[in-house]
Amino acid sequence: VTAVETGSPAEDKRLQPGDVISMVGDEAVASPDDIEQALAGLKKDGRTNARLVVQNAEGNVRWVNLPLAAE
């Protein structure tokens with residue numbers, strides 16, 4: 001995570017710059033491109049939310065459910 005927009009669902013879920021996303025849904029991701037492809041796949045499947053596995057700077061890992069932006 002490089003930035004979190006004020007007032008966004010990501011801020012509401014306490015995501016912070018420096019957090020690392022390691023999974024989107026059931027798919028492991030290793031790069032920003034992987035994340036974009038996984039999110040696009042969820043949207044294509046008609047999903048309205050994405051379940052992410054996120055690790056913070058302290059090493060704590062948690063699931064975060066975020067709404068997918070409408071296009």
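## Helix H2 on the sheet

Helix H2 lies across strands E1, E2 and E3, running at about 40 degrees to E1. Here axes are lines fitted to C-alpha atoms, for helices over the stretch in contact, and angles run from 0 to 180 degrees between N-to-C directions; contact means heavy atoms within 4.5 Å. Helices (H or I, at least four residues) and strands (E, at least two) are DSSP runs, numbered from the N terminus.

This is a predicted model, in which local features need pLDDT of at least 70 and side-chain atom pairs count only at pLDDT 80 or more, while totals for chains, interfaces and linings use all residues. Residues are numbered from 1 along each chain as its sequence is written, and side-chain values use heavy atoms, with hydrogens and water left out.

Now to a residue of this helix: Leu42 is found in H2 (residues 32–44). Leu42 counts as buried because its relative accessibility is 12%, where buried means under 20% relative accessible area, exposed over 50% and partly exposed in between (1.4 Å probe, protein chains only). Setting aside neighbours within four places in sequence, Leu42 is in contact with Val24, Arg47, Asn49, Ala50 and Leu68.

## The sheet

Four strands form an open, antiparallel sheet in the order E2-E1-E3-E4. E2 (27–28) and E4 (61–67) stand at the edges with a single partner strand each, so one side of each has no neighbour in the sheet. Two strands pair if DSSP finds at least two bridges between them.

Let's follow E1 to its partners. With E3 (residues 49–55), E1 pairs in the antiparallel sense over 4 bridges; Val20 stands opposite Gln55 in E3, and Met23 stands opposite Val53. With E2, the antiparallel pairing of E1 runs over 2 bridges, and the bridge partner of Val24 in E2 is Glu27. E1 and E2 form a hairpin with 2 residues between them, and Gly25 in the turn has a positive phi of about 65 degrees.

Asp19 sits in the loop between helix H1 (9–12) and strand E1 (20–24). Asp19 is buried yet has no salt bridge, the nearest side chain of opposite charge being Arg62, 4.6 Å away. A salt bridge is a side-chain nitrogen of Lys or Arg within 4 Å of a carboxyl oxygen of Asp or Glu.

The Asp19 side chain does reach the backbone nitrogen of Gln16, at 2.9 Å. Not counting residues up to four places away in sequence, Asp19 touches Val1, Arg14, Val54, Gln55, Asn56 and Ala57.

Methods: Lys, Arg positive; Asp, Glu negative; His and termini not counted. Polar contact = N/O pair within 3.5 Å; in protein donor to acceptor, adjacent residues only side chain to side chain.
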